[in-house]
Amino acid sequence: MSRNTLHRSKIQEFREWLAEDGWSLEPTKGAYEVLRARKGKRLLLIYDRHEGDHLSYADKFAGIVQAFIKARKAVKA
């Protein structure tokens, strides 16, 4: 799991970005899941372990989170 990349305060912005990118948002399951999104056969899960200010996700989705961060920085520039 990756940590210290996606800040918990950016989760709503991330949801909106995913929807714009064609991901369908689904209801979460379990106490730790804060986001569940699907695009094709891919299922993206974001977790909140209540440890610190950042959310966790599987390493295979690091590229998606990085693309979101890059897109946010491009908008601010």
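This is a predicted model: local features need pLDDT of at least 70, side-chain atom pairs count only at pLDDT 80 or more; totals for chains, interfaces and linings use all residues.
Q: Hi! Which residue forms a salt bridge with Asp48?
A: That would be Arg8, with the closest N and O atoms 2.5 Å apart. A salt bridge here is a side-chain nitrogen of Lys or Arg within 4 Å of a carboxyl oxygen of Asp or Glu. Residues are numbered from 1 along each chain as its sequence is written, and side-chain values use heavy atoms, leaving out hydrogens and water.

Q: Where do Asp48 and Arg8 sit in the chain?
A: Asp48 is in the loop between strand E4 (42-47) and strand E5 (54-57), while Arg8 is in the loop between strand E1 (2-7) and helix H1 (11-20). The pair links distant parts of the chain, 40 residues apart. Helices (H or I, at least four residues) and strands (E, at least two) are DSSP runs, numbered from the N terminus.

Q: Is Asp48 buried or exposed?
A: Asp48 is buried, at 8% relative accessible area, whereas Arg8 is partly exposed at 27%. Buried means under 20% relative accessible area, exposed over 50%, and partly exposed in between, using a 1.4 Å probe and protein chains only.

Q: How many salt bridges turn up in the whole structure?
A: The search finds 5. Among them, Arg38 and Glu26 meet at 2.7 Å, N to O. Arg38 lies in strand E3 (residues 33-39) and Glu26 in strand E2 (residues 24-26), 12 residues apart.

Q: And which residue does Glu33 pair with?
A: Glu33 pairs with Arg36 in a salt bridge, at 2.8 Å from N to O. Glu33 counts as buried at 9% relative accessibility, and Arg36 is buried too, at 10%.

Q: Why can such side chains pair at all?
A: Side chains of opposite charge can pair when their charged atoms come close.

Q: New topic: what order do the elements run in?
A: From the N terminus on, the order is β-α-β-β-β-β-α, with 2 helices and 5 strands in the chain.

Q: How much of the chain counts as buried?
A: Of its 77 residues, 32% do.
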